[in-house]
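Here are my notes for you to read alongside the structure. Have the 3D view open and follow the points in order.

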Amino acid sequence: GGNPLFVVETVRGLMEEGNVCSGPDGQPDWPSEESLPIPASLQQAIATRLDRLTLQSQRVLRQAAILGDDFDFDLLWAVSGEEDEEQMLEQLDELLCRDLLLESDERYRFAHSLTRRVLYDEIPPRRRRIWHRKAAQALAHLAPQQVAARARHAHAAKEWSQALRLGLEAAEQALALSAIEEAEAFYHLVHDAEQRLGDVDPNARLRRLRGLARVYRLRTQEEAEAQALEEWRSIAHVVEDAVSESLALAELAKNGCRRGHGIDALPLAQEAIRLAGNDANARATALEALGSCHEAQGDLRKSLAFHRQATNAASEAGAPQQEAESLNSLAIALELCGDISEAADAYRRSATLAAGCGDRLTESRAINNLGTIHVLQGDYGPARRAYGTALTAVRALESREGQAIVQRNLGAKN
(Lines give C-alpha, C1' and ligand atoms only; values in the text may rest on other atoms or scores of the structure.)
Protein backbone atom coordinates (compact mmCIF):
# COMPACT_ATOMS: atom_id res chain seq x y z
CA GLY A 1 0.00 0.00 0.00
CA GLY A 2 0.94 3.68 0.08
CA ASN A 3 2.13 6.10 -2.53
CA PRO A 4 5.74 5.34 -3.59
CA LEU A 5 6.09 8.60 -5.52
CA PHE A 6 4.97 10.58 -2.48
CA VAL A 7 7.51 8.78 -0.30
CA VAL A 8 10.39 9.25 -2.75
CA GLU A 9 9.68 12.94 -3.40
CA THR A 10 9.13 13.73 0.26
CA VAL A 11 12.35 12.02 1.36
CA ARG A 12 14.31 13.76 -1.40
CA GLY A 13 12.94 17.14 -0.35
CA LEU A 14 13.75 16.54 3.31
CA MET A 15 17.34 15.55 2.50
CA GLU A 16 17.88 18.49 0.15
CA GLU A 17 16.52 20.99 2.70
CA GLY A 18 18.63 19.55 5.53
CA ASN A 19 15.59 18.54 7.59
CA VAL A 20 16.93 15.06 8.34
CA CYS A 21 19.66 14.88 10.97
CA SER A 22 21.73 11.95 12.17
CA GLY A 23 21.04 10.57 15.62
CA PRO A 24 23.69 9.48 18.17
CA ASP A 25 23.81 6.04 16.54
CA GLY A 26 24.50 7.53 13.10
CA GLN A 27 21.06 6.60 11.76
CA PRO A 28 18.74 9.21 10.16
CA ASP A 29 16.48 10.93 12.69
CA TRP A 30 13.32 11.13 10.59
CA PRO A 31 10.59 13.69 11.38
CA SER A 32 7.16 12.37 12.34
CA GLU A 33 4.62 11.65 9.63
CA GLU A 34 2.45 14.53 10.86
CA SER A 35 5.27 16.99 10.22
CA LEU A 36 6.02 15.79 6.68
CA PRO A 37 5.03 18.31 3.98
CA ILE A 38 2.30 17.18 1.57
CA PRO A 39 3.22 17.80 -2.09
CA ALA A 40 0.85 20.24 -3.84
CA SER A 41 0.04 17.67 -6.53
CA LEU A 42 -1.16 15.22 -3.90
CA GLN A 43 -3.21 17.89 -2.15
CA GLN A 44 -4.90 18.67 -5.45
CA ALA A 45 -5.63 15.00 -6.12
CA ILE A 46 -7.27 14.63 -2.70
CA ALA A 47 -9.27 17.85 -3.18
CA THR A 48 -10.56 16.56 -6.51
CA ARG A 49 -11.83 13.37 -4.87
CA LEU A 50 -13.54 15.35 -2.12
CA ASP A 51 -15.29 17.64 -4.62
CA ARG A 52 -17.20 14.61 -5.93
CA LEU A 53 -18.93 14.15 -2.56
CA THR A 54 -22.23 15.68 -1.54
CA LEU A 55 -21.95 18.77 0.66
CA GLN A 56 -23.37 16.83 3.61
CA SER A 57 -20.77 14.07 3.24
CA GLN A 58 -17.97 16.63 2.90
CA ARG A 59 -19.06 18.22 6.16
CA VAL A 60 -19.20 14.85 7.96
CA LEU A 61 -15.73 13.94 6.69
CA ARG A 62 -14.30 17.26 7.89
CA GLN A 63 -15.87 16.75 11.31
CA ALA A 64 -14.34 13.27 11.37
CA ALA A 65 -10.94 14.81 10.61
CA ILE A 66 -11.18 16.68 13.92
CA LEU A 67 -11.38 13.36 15.76
CA GLY A 68 -8.15 11.83 14.44
CA ASP A 69 -7.34 8.93 12.16
CA ASP A 70 -9.97 6.66 13.78
CA PHE A 71 -13.21 7.36 15.63
CA ASP A 72 -16.57 5.88 16.57
CA PHE A 73 -20.05 6.76 15.40
CA ASP A 74 -21.34 8.14 18.72
CA LEU A 75 -18.57 10.71 19.02
CA LEU A 76 -18.91 11.83 15.40
CA TRP A 77 -22.69 12.10 15.81
CA ALA A 78 -22.26 14.23 18.95
CA VAL A 79 -19.87 16.60 17.17
CA SER A 80 -22.05 16.85 14.06
CA GLY A 81 -25.20 17.90 15.92
CA GLU A 82 -27.28 15.80 13.51
CA GLU A 83 -30.64 14.56 14.78
CA ASP A 84 -31.20 11.78 12.25
CA GLU A 85 -28.94 8.76 12.83
CA GLU A 86 -30.06 7.13 9.58
CA GLN A 87 -28.99 10.14 7.54
CA MET A 88 -25.59 10.12 9.24
CA LEU A 89 -25.19 6.41 8.47
CA GLU A 90 -26.06 7.02 4.80
CA GLN A 91 -23.36 9.69 4.58
CA LEU A 92 -20.85 7.33 6.17
CA ASP A 93 -21.87 4.61 3.73
CA GLU A 94 -21.06 6.95 0.84
CA LEU A 95 -17.63 7.64 2.33
CA LEU A 96 -17.04 3.91 2.76
CA CYS A 97 -18.09 3.19 -0.82
CA ARG A 98 -15.65 5.82 -2.11
CA ASP A 99 -12.83 4.23 -0.06
CA LEU A 100 -12.26 7.38 1.96
CA LEU A 101 -13.13 5.59 5.20
CA LEU A 102 -12.76 2.01 6.42
CA GLU A 103 -14.90 0.27 9.03
CA SER A 104 -13.86 -2.39 11.54
CA ASP A 105 -15.42 -3.47 14.86
CA GLU A 106 -17.96 -0.63 14.73
CA ARG A 107 -15.19 1.95 14.41
CA TYR A 108 -14.25 4.04 11.41
CA ARG A 109 -10.83 5.20 10.26
CA PHE A 110 -9.47 7.19 7.37
CA ALA A 111 -8.15 5.04 4.55
CA HIS A 112 -5.12 7.33 4.45
CA SER A 113 -3.98 9.79 7.11
CA LEU A 114 -2.97 12.25 4.37
CA THR A 115 -6.62 12.70 3.46
CA ARG A 116 -7.41 13.61 7.05
CA ARG A 117 -4.52 16.10 7.19
CA VAL A 118 -5.64 17.88 4.02
CA LEU A 119 -9.22 18.04 5.31
CA TYR A 120 -8.14 19.30 8.73
CA ASP A 121 -5.95 22.06 7.31
CA GLU A 122 -8.86 23.33 5.18
CA ILE A 123 -11.23 23.80 8.15
CA PRO A 124 -11.49 27.51 9.12
CA PRO A 125 -9.85 28.13 12.54
CA ARG A 126 -13.02 29.30 14.29
CA ARG A 127 -15.02 26.28 13.14
CA ARG A 128 -12.13 23.99 14.02
CA ARG A 129 -12.16 25.31 17.59
CA ILE A 130 -15.93 24.86 17.87
CA TRP A 131 -15.76 21.24 16.71
CA HIS A 132 -12.83 20.48 19.02
CA ARG A 133 -14.80 21.95 21.93
CA LYS A 134 -17.79 19.77 21.04
CA ALA A 135 -15.50 16.72 20.88
CA ALA A 136 -14.04 17.50 24.32
CA GLN A 137 -17.51 17.95 25.80
CA ALA A 138 -18.81 14.76 24.17
CA LEU A 139 -15.85 12.68 25.38
CA ALA A 140 -16.36 13.93 28.93
CA HIS A 141 -19.74 12.15 28.86
CA LEU A 142 -19.09 9.25 26.46
CA ALA A 143 -15.56 8.24 27.47
CA PRO A 144 -14.22 10.25 30.42
CA GLN A 145 -11.33 7.78 30.77
CA GLN A 146 -9.88 8.98 27.43
CA VAL A 147 -7.93 11.74 29.15
CA ALA A 148 -5.31 12.12 26.42
CA ALA A 149 -7.88 12.71 23.68
CA ARG A 150 -9.85 15.11 25.88
CA ALA A 151 -6.65 17.08 26.64
CA ARG A 152 -5.79 17.39 22.93
CA HIS A 153 -9.28 18.56 22.03
CA ALA A 154 -9.38 21.05 24.92
CA HIS A 155 -6.03 22.50 23.85
CA ALA A 156 -7.09 22.74 20.19
CA ALA A 157 -10.32 24.44 21.32
CA LYS A 158 -8.25 26.93 23.36
CA GLU A 159 -9.98 25.85 26.54
CA TRP A 160 -6.80 26.51 28.50
CA SER A 161 -7.91 25.57 32.03
CA GLN A 162 -9.20 22.21 30.86
CA ALA A 163 -6.14 21.67 28.69
CA LEU A 164 -3.86 22.28 31.69
CA ARG A 165 -5.77 19.99 34.04
CA LEU A 166 -6.29 17.15 31.55
CA GLY A 167 -2.83 17.56 30.03
CA LEU A 168 -1.16 17.03 33.41
CA GLU A 169 -3.21 13.90 33.99
CA ALA A 170 -2.45 12.59 30.49
CA ALA A 171 1.28 13.29 30.90
CA GLU A 172 1.42 11.47 34.22
CA GLN A 173 -0.47 8.50 32.80
CA ALA A 174 1.95 8.32 29.86
CA LEU A 175 4.97 8.61 32.16
CA ALA A 176 3.67 5.77 34.34
CA LEU A 177 3.48 3.61 31.21
CA SER A 178 7.01 4.63 30.11
CA ALA A 179 5.51 6.35 27.04
CA ILE A 180 8.23 8.99 27.27
CA GLU A 181 7.65 10.82 23.97
CA GLU A 182 3.92 11.13 24.66
CA ALA A 183 4.54 12.31 28.22
CA GLU A 184 6.93 15.01 27.02
CA ALA A 185 4.45 16.19 24.39
CA PHE A 186 1.73 16.59 27.03
CA TYR A 187 4.03 18.43 29.43
CA HIS A 188 4.78 20.90 26.62
CA LEU A 189 1.04 21.19 25.94
CA VAL A 190 0.54 22.01 29.64
CA HIS A 191 3.32 24.60 29.51
CA ASP A 192 1.60 26.29 26.57
CA ALA A 193 -1.68 26.36 28.52
CA GLU A 194 0.16 27.87 31.52
CA GLN A 195 1.55 30.66 29.35
CA ARG A 196 -1.89 31.37 27.85
CA LEU A 197 -3.53 31.53 31.27
CA GLY A 198 -0.81 33.58 32.95
CA ASP A 199 -1.99 33.19 36.56
CA VAL A 200 -1.66 29.46 37.31
CA ASP A 201 -1.75 27.48 40.55
CA PRO A 202 1.93 26.95 41.53
CA ASN A 203 1.15 23.31 42.34
CA ALA A 204 0.31 22.73 38.69
CA ARG A 205 3.66 24.19 37.64
CA LEU A 206 5.44 22.03 40.20
CA ARG A 207 3.72 18.89 38.87
CA ARG A 208 4.73 19.75 35.31
CA LEU A 209 8.36 20.50 36.19
CA ARG A 210 8.74 17.41 38.36
CA GLY A 211 7.35 15.24 35.58
CA LEU A 212 9.38 16.95 32.86
CA ALA A 213 12.57 16.53 34.90
CA ARG A 214 11.77 12.82 35.11
CA VAL A 215 11.29 12.66 31.33
CA TYR A 216 14.71 14.23 30.77
CA ARG A 217 16.25 11.87 33.33
CA LEU A 218 14.79 8.87 31.50
CA ARG A 219 16.25 10.22 28.28
CA THR A 220 19.61 10.92 29.95
CA GLN A 221 19.34 14.59 28.93
CA GLU A 222 21.26 15.87 31.95
CA GLU A 223 21.41 19.60 31.04
CA ALA A 224 17.70 19.78 30.25
CA GLU A 225 16.92 17.92 33.48
CA ALA A 226 19.03 20.37 35.48
CA GLN A 227 17.15 23.34 34.00
CA ALA A 228 13.77 21.80 34.88
CA LEU A 229 15.01 21.01 38.40
CA GLU A 230 16.27 24.57 38.95
CA GLU A 231 12.89 25.98 37.94
CA TRP A 232 11.11 23.42 40.15
CA ARG A 233 13.35 24.39 43.09
CA SER A 234 12.78 28.11 42.51
CA ILE A 235 8.97 27.85 42.47
CA ALA A 236 8.93 25.54 45.51
CA HIS A 237 11.08 28.06 47.40
CA VAL A 238 8.79 30.98 46.49
CA VAL A 239 5.64 29.16 47.66
CA GLU A 240 7.50 27.89 50.76
CA ASP A 241 6.92 24.21 49.97
CA ALA A 242 9.89 22.80 51.88
CA VAL A 243 9.31 19.15 50.98
CA SER A 244 9.03 19.88 47.27
CA GLU A 245 12.14 22.08 47.44
CA SER A 246 13.99 19.28 49.24
CA LEU A 247 13.10 16.80 46.49
CA ALA A 248 14.24 19.23 43.78
CA LEU A 249 17.53 19.90 45.57
CA ALA A 250 18.21 16.19 46.06
CA GLU A 251 17.60 15.49 42.36
CA LEU A 252 19.81 18.47 41.47
CA ALA A 253 22.58 17.03 43.64
CA LYS A 254 22.32 13.62 41.94
CA ASN A 255 22.28 15.32 38.54
CA GLY A 256 25.43 17.22 39.49
CA CYS A 257 27.18 14.00 40.53
CA ARG A 258 26.34 12.36 37.20
CA ARG A 259 27.83 15.37 35.40
CA GLY A 260 31.02 15.25 37.46
CA HIS A 261 30.21 18.12 39.86
CA GLY A 262 30.17 16.13 43.11
CA ILE A 263 31.83 18.85 45.20
CA ASP A 264 29.27 21.49 44.15
CA ALA A 265 26.45 18.98 44.66
CA LEU A 266 27.23 18.21 48.31
CA PRO A 267 25.79 21.48 49.76
CA LEU A 268 22.61 20.90 47.74
CA ALA A 269 22.17 17.43 49.25
CA GLN A 270 22.85 18.76 52.76
CA GLU A 271 20.22 21.48 52.29
CA ALA A 272 17.81 18.85 50.98
CA ILE A 273 18.24 16.88 54.22
CA ARG A 274 17.48 19.99 56.28
CA LEU A 275 14.33 20.84 54.31
CA ALA A 276 13.03 17.25 54.23
CA GLY A 277 12.06 17.44 57.89
CA ASN A 278 9.89 14.49 58.88
CA ASP A 279 8.85 13.58 55.33
CA ALA A 280 10.25 10.05 54.93
CA ASN A 281 10.29 9.97 51.13
CA ALA A 282 12.02 13.36 50.84
CA ARG A 283 14.52 12.29 53.49
CA ALA A 284 15.26 9.03 51.63
CA THR A 285 15.83 10.94 48.39
CA ALA A 286 18.14 13.42 50.12
CA LEU A 287 20.09 10.62 51.84
CA GLU A 288 20.63 8.89 48.50
CA ALA A 289 21.89 12.19 47.07
CA LEU A 290 24.31 12.54 50.00
CA GLY A 291 25.59 9.02 49.36
CA SER A 292 26.14 9.83 45.68
CA CYS A 293 28.04 13.02 46.57
CA HIS A 294 30.43 11.20 48.92
CA GLU A 295 30.89 8.42 46.36
CA ALA A 296 31.81 11.06 43.75
CA GLN A 297 34.43 12.41 46.20
CA GLY A 298 35.87 8.93 46.83
CA ASP A 299 34.60 8.55 50.40
CA LEU A 300 33.08 5.08 50.01
CA ARG A 301 32.59 4.55 53.77
CA LYS A 302 30.25 7.55 54.07
CA SER A 303 28.67 6.69 50.72
CA LEU A 304 27.74 3.20 51.93
CA ALA A 305 26.36 4.53 55.21
CA PHE A 306 24.11 7.12 53.53
CA HIS A 307 22.89 4.68 50.86
CA ARG A 308 21.93 2.15 53.56
CA GLN A 309 20.06 4.88 55.45
CA ALA A 310 18.33 5.94 52.22
CA THR A 311 17.22 2.38 51.47
CA ASN A 312 15.82 1.91 54.98
CA ALA A 313 14.06 5.30 54.92
CA ALA A 314 12.45 4.57 51.55
CA SER A 315 11.29 1.15 52.78
CA GLU A 316 9.77 2.68 55.91
CA ALA A 317 8.07 5.37 53.78
CA GLY A 318 6.50 2.70 51.53
CA ALA A 319 8.14 4.32 48.49
CA PRO A 320 9.16 1.40 46.22
CA GLN A 321 10.49 3.56 43.38
CA GLN A 322 12.81 5.48 45.70
CA GLU A 323 13.80 2.25 47.44
CA ALA A 324 14.71 0.71 44.07
CA GLU A 325 16.87 3.73 43.21
CA SER A 326 18.53 3.67 46.64
CA LEU A 327 19.23 -0.06 46.36
CA ASN A 328 20.85 0.40 42.97
CA SER A 329 23.05 3.19 44.36
CA LEU A 330 23.88 1.04 47.40
CA ALA A 331 24.84 -1.85 45.12
CA ILE A 332 27.19 0.38 43.12
CA ALA A 333 28.92 1.48 46.33
CA LEU A 334 29.16 -2.14 47.52
CA GLU A 335 30.66 -3.17 44.19
CA LEU A 336 33.24 -0.39 44.44
CA CYS A 337 34.12 -1.64 47.92
CA GLY A 338 34.62 -5.16 46.56
CA ASP A 339 31.56 -6.73 48.23
CA ILE A 340 30.39 -8.42 45.04
CA SER A 341 27.96 -10.91 46.59
CA GLU A 342 25.98 -8.28 48.54
CA ALA A 343 26.10 -5.95 45.53
CA ALA A 344 24.54 -8.63 43.30
CA ASP A 345 21.77 -9.20 45.84
CA ALA A 346 21.06 -5.45 46.03
CA TYR A 347 20.92 -5.19 42.23
CA ARG A 348 18.39 -8.06 42.09
CA ARG A 349 16.21 -6.47 44.77
CA SER A 350 16.43 -3.11 42.98
CA ALA A 351 15.41 -4.62 39.63
CA THR A 352 12.48 -6.49 41.19
CA LEU A 353 11.16 -3.40 42.98
CA ALA A 354 11.65 -1.20 39.92
CA ALA A 355 9.82 -3.67 37.66
CA GLY A 356 6.95 -3.83 40.15
CA CYS A 357 6.39 -0.05 40.08
CA GLY A 358 7.08 0.39 36.34
CA ASP A 359 10.40 2.23 36.76
CA ARG A 360 12.08 1.02 33.57
CA LEU A 361 15.14 3.28 34.02
CA THR A 362 16.16 1.90 37.41
CA GLU A 363 15.24 -1.62 36.32
CA SER A 364 17.49 -1.40 33.25
CA ARG A 365 20.37 0.12 35.24
CA ALA A 366 20.18 -2.53 37.97
CA ILE A 367 20.01 -5.43 35.49
CA ASN A 368 22.81 -3.99 33.37
CA ASN A 369 24.95 -3.61 36.50
CA LEU A 370 24.07 -7.16 37.52
CA GLY A 371 25.33 -8.31 34.12
CA THR A 372 28.66 -6.69 34.92
CA ILE A 373 28.76 -8.58 38.24
CA HIS A 374 28.25 -11.84 36.33
CA VAL A 375 31.14 -10.92 34.05
CA LEU A 376 33.38 -10.30 37.05
CA GLN A 377 32.43 -13.73 38.35
CA GLY A 378 33.05 -15.35 34.96
CA ASP A 379 29.36 -16.25 34.47
CA TYR A 380 29.04 -15.18 30.85
CA GLY A 381 25.72 -16.91 30.12
CA PRO A 382 23.83 -15.09 32.90
CA ALA A 383 25.66 -11.90 31.88
CA ARG A 384 24.34 -12.11 28.32
CA ARG A 385 20.81 -12.78 29.59
CA ALA A 386 21.01 -9.82 31.97
CA TYR A 387 22.25 -7.49 29.22
CA GLY A 388 19.51 -8.74 26.89
CA THR A 389 16.83 -7.99 29.51
CA ALA A 390 18.34 -4.56 30.19
CA LEU A 391 18.35 -3.81 26.46
CA THR A 392 14.62 -4.57 26.25
CA ALA A 393 13.97 -2.14 29.11
CA VAL A 394 15.98 0.76 27.65
CA ARG A 395 14.39 0.26 24.23
CA ALA A 396 11.01 0.79 25.87
CA LEU A 397 12.36 4.12 27.15
CA GLU A 398 13.49 5.14 23.64
CA SER A 399 16.89 5.94 25.16
CA ARG A 400 19.54 5.77 22.45
CA GLU A 401 22.35 6.44 24.91
CA GLY A 402 21.11 3.68 27.22
CA GLN A 403 20.80 1.27 24.31
CA ALA A 404 24.33 2.09 23.17
CA ILE A 405 25.74 1.35 26.65
CA VAL A 406 23.94 -1.98 27.03
CA GLN A 407 24.66 -3.04 23.44
CA ARG A 408 28.35 -2.33 24.00
CA ASN A 409 28.30 -4.55 27.10
CA LEU A 410 26.29 -7.22 25.31
CA GLY A 411 28.55 -7.14 22.25
CA ALA A 412 31.63 -7.59 24.42
CA LYS A 413 30.21 -10.86 25.74
CA ASN A 414 29.20 -12.38 22.37
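1. Which residues in H14 meet which residues in H15? Bear in mind that this is a predicted model. On the H14 side you'll find Gly262, Ala265, Leu266, Ala269, Gln270, Ala272, Ile273 and Ala276. Their counterparts in H15 are Ala282, Arg283, Ala286, Leu287, Ala289, Leu290, Cys293, His294 and Ala296. Sorted by type, the residues of this contact come out as 13 nonpolar, three polar and one charged.

2. Now look at how those two helices lie. H14 covers residues 262-276 and H15 covers residues 280-296; their axes come within 8 Å and cross at roughly 160 degrees. Angles over 145 degrees count as roughly antiparallel, and H14 and H15 are therefore roughly antiparallel to each other. The crossing of H14 past H15 is left-handed.

3. Next, find the sheet. It is open, has three strands in the order E3-E5-E4, and its pairing is antiparallel. E3 (70-72) and E4 (101-104) are the edge strands: each has a single partner strand, so one side of each has no neighbour in the sheet. From one strand to the next, the twist averages 30 degrees. As a bit of background, strands of a sheet pair through backbone hydrogen bonds, either parallel or antiparallel.

4. Let's go through the pairings. E3 pairs with E5 (residues 107-110) in the antiparallel sense, over three bridges. Asp70 has Arg109 in E5 as its bridge partner. E4 and E5 are also paired in the antiparallel sense, over four bridges.

5. E4 and E5 make a hairpin with two residues between them. Asp105 sits in that turn and has a positive phi of about 55 degrees.

6. Which face of E5 is covered and which is uncovered? Tyr108 and Phe110 are on the covered face, while Arg107 and Arg109 are on the uncovered one.

7. Finally, have a look at H6 (residues 113-122). How many of its 10 residues are buried? Eight are, and H6 is mostly covered. The buried residues in H6 are Ser113, Leu114, Thr115, Arg116, Arg117, Val118, Leu119 and Tyr120. Notice that Arg116 and Arg117 are buried here, whereas Arg107 and Arg109 belong to the uncovered face of E5.

Conventions:
Residues are numbered from 1 along each chain as its sequence is written. This is a predicted model: local features need pLDDT of at least 70, side-chain atom pairs count only at pLDDT 80 or more; totals for chains, interfaces and linings use all residues. Side-chain values use heavy atoms; hydrogens and water are left out. Axes are lines fitted to C-alpha atoms, for helices over the stretch in contact, and angles run from 0 to 180 degrees between N-to-C directions. Angles under 35 degrees count as roughly parallel, over 145 as roughly antiparallel, 65 to 115 as roughly perpendicular and the rest as oblique. A crossing is left-handed if the near helix is turned anticlockwise from the far one by less than a right angle, and right-handed if clockwise. Contact means heavy atoms within 4.5 Å. Ala, Val, Leu, Ile, Met, Phe, Trp, Tyr, Cys and Pro count as nonpolar, Asp, Glu, Lys and Arg as charged, and the others, Gly among them, as polar. Two strands pair if DSSP finds at least two bridges between them. Buried means under 20% relative accessible area, exposed over 50%, partly exposed in between (1.4 Å probe, protein chains only).
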